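Have the model open as you read.

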Amino acid sequence: MDQFKAFKSNFGWLTTVLFIFNLQAHAQTVFSFDNFDGFENPGKTWNIVGEARADIHETGQLRISKGSGILANVPTQKNKGEDLYTKASYGDMDLELDFLMAKGANSGIYLQGMYEIQLLDSWGKATPGSGDNGGIYERWDDSRPKGQQGYQGYAPRQNASKAPGLWQNLKVSFQAPKFDVNNNKVENAKIISVVLNGVTIHEEVELFGPTRGAMATEEMARGPVRIQGDHGAVAFRNLKITSYDNPKPVLSDIAFDLYKGRFEKVPDFSQLTADRSGQIDRLTANIRGADEQFLIRYKGNLEVEIDGKFRFNLSVPGGAGSLAVGDEQVIAASMGNLSGEHQLTAGKYPVEILYAKVQDWIQPGIALEVSGPGIRPFQLSDGAFSSSTGPDPILVDPNERPVLRSFMDIPDGPRITHAVSVGSPEKVHYTYDMDWGNLVQVWRGDYLNATPMWNSRGDGSSRPLGSVTNFGNPALSLAHLQTIEQPWPTDTLGSNYKVRGYKILSNGHHLQFTFESYGANVSDELEILADGQGIKRVLTIENAKANTFVRLAQDGQIKDLGEGLFVIGDQSYYIQLGETNQAKPEIRSIDGRMELLVPARENMEYLLLF
């Protein structure tokens with residue numbers, strides 16, 4: 001075995017958390033929605049379609065067009081619809097899908113047909129409840145006192161919902177209830193996590209029984225996925241279900257030898273005498289004598305019941321470790337959080353684990369995690385140590401500090417060094433780039449995490465906490481074009497761009513930014529709508545030359561929905577032009593991207609709805 005690699009002097013790298021890896025091989029079902037294969041007896045309101053669009057203003061309106069790839073439920077007055085069930089039944093699983101709600105629509109995803117994750121048009125609601133979008137629906141008991149029949153419902157941590165007609169993403173990790181050989185429940189079902197539009201809204205929620213409207217009263221080890229279809233118009237796409245039903249590996253016959261002292265390389269064990277030896281039921285560092293500096297050598301047997309590639313994650317705080325399975329060195333001797341993969345066939349393998357602790361001020365602890373085909377990552381150790389990887393987060397309250405200047409990192413883009421982030425009690429927030437005079441992102445939910453900026457020396461940046469809609473790399477909001485075919489400028493060269501600053505007009509989140517560009521004086525007012533549904537932007541442009549345009553959006557797709565309403569990207573957000581915009585907007589295609597342009601004029605306004 002190789003020597004332990006040199007330990008780093010910066011022990012801030014040492015943590016006690018395992019890296020989590022979700023293996024999906026051999027266990028994932030993808031529903032293409034080319035047909036109804038995979039579902040039982042779909043009712044007449046269910047359709048396979050190529051496109052689904054909701055009217056942002058009209059309740060219950062969902063327009064569909066021919067094609068495939070999307071599952072749409074369109075109830076009528078005569079046919080209110082019925083629920084849709086998968087043919088397959090599932091136990092432990094991960095589920096992911098995209099969904100689109102009509103205005104005012106209500107639906108839900110029932111895991112095992114029993115436990116509902118609510119889907120609802122909750123657009124703009126500041127404080128969601130268990131019956132709102134992403135909520136874990138309540139249980140129900142008619143025998144309880146009036147007003148208390150509903151219980152054990154769980155509201156999402158924040159409202160990360162989008163507007164009607166926009167695609168939303170839902171990810172659910174679910175652990176099914178467990179039963180003994182006599183079919184007695186020995187472990188409750190659990191929602192491990194729910195992520196809505198990129199925001200974690202639930203974690204580790206125990207389910208003590210079926211939610212209201214379950215398909216049965218008695219819980220079961222396996223059941224179908226059920227999509228509610230009798231409460232409103234809704235569409236789905238990209239449904240993926242990953243099963244975790246294979247038996248877990250078992251680590252047994254664990255023996256240990258403990259050697260006191262500092263070990264910076266793997267010793268010749270034949271030349272050593274252990275200070276302590278013994279047997280343990282579960283992998284642990286809670287051994288007398290394992291307190292300051294030591295080396296523990298664990299030996300045991302790992303039994304696996306299926307063939308496949310397994311991933312091992314080993315955490316050894318305050319030192320270094322290694323893992324050998326059979327004749328294979330799966331994790332070479334090193335420090336911190338470690339991982340390795342190994343192909344195994346069903347059988348029993350000898351295992352050797354080393355843990356050398358050299359930092360005497362760090363609490364000892366060891367964690368070994370394994371995952372494989374159809375096996376969710378789980379610990380083979382006692383895990384009796386902190387899972388913290390850093391300081392407590394420093395969160396910004398928009399009521400106390402609605403405006404924060406910081407660096408802001410854009411996904412797959414540059415760092416914005418003169419970013420102004422603005423928050424509101426309505427749970428709608430945005431970031432403005434003063435180097436370009438433009439919006440770069442908006443988001444819904446919680447405001448900012450300023451830990452990277454304010455902890456220790458910091459790096460000057462903050463992070464949005466909600467569901468973010470990003471507008472791409474920074475760019476000027478207006479430009480002078482010689483022809484409509486001229487590409488939008490990618491830098492400020494020749495624009496004479498000069499930032500003049502900003503001021504707060506009212507409410508702490510109604511700001512006016514001012515700048516000069518292409519000889520025009522621009523006032524850029526941004527106001528968060530009181531109903532929490534978006535942002536109003538008012539541009540006052542003085543001295544604009546002919547052929548000066550404002551670019552309202554750039555994305556892969558832009559569609560004109562009529563009456564000044566446009567849907568941007570993959571139905572990601574809306575732009576609603578105001579009544580003061582008399583000039584005709586222009587949708588053009590440049591280098592494979594579409595742009596929405598409006599001729600610059602003295603007063604123009606529009607709404608960003610998301």
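Contact here means heavy atoms within 4.5 Å. By that rule, and not counting residues up to four places away in sequence, S406 touches I416, T417, H418, A419, M453, G460, S461 and S462. Keep in mind that this is a predicted model, where local features need pLDDT of at least 70, side-chain atom pairs count only at pLDDT 80 or more, and totals for chains, interfaces and linings use all residues. Residues are numbered from 1 along each chain as its sequence is written, and side-chain values use heavy atoms, with hydrogens and water left out.

Is S406 buried or exposed? S406 is buried, at 6% relative accessible area; buried means under 20% (1.4 Å probe, protein chains only).

S406 lies in strand β27; strands are DSSP runs (E, at least two residues), numbered from the N terminus. An open antiparallel sheet of five strands runs β27-β28-β29-β30-β33, where pairing takes at least two DSSP bridges between two strands. β27 and β33 are at the edges with a single partner strand each, so one side of each has no neighbour in the sheet.

| Strand | Residues |
|---|---|
| β27 | 403-409 |
| β29 | 428-433 |
| β30 | 438-444 |
| β33 | 467-470 |

β29 and β30 pair over six bridges, and H429 has W443 in β30 as its bridge partner.

Now the cores: sets of buried Ala, Val, Leu, Ile, Met, Phe, Trp, Tyr and Cys residues joined through side-chain atoms within 4.5 Å. The largest has 51 residues, with I109 and L111 among those with the most contacts inside it. Strand β6 (residues 93-101) gives the most to this core, six residues. A second, separate core of 46 residues includes L526 and L539.

Note on methods:
Helices (H or I, at least four residues) and strands (E, at least two) are DSSP runs, numbered from the N terminus. Buried means under 20% relative accessible area, exposed over 50%, partly exposed in between (1.4 Å probe, protein chains only).
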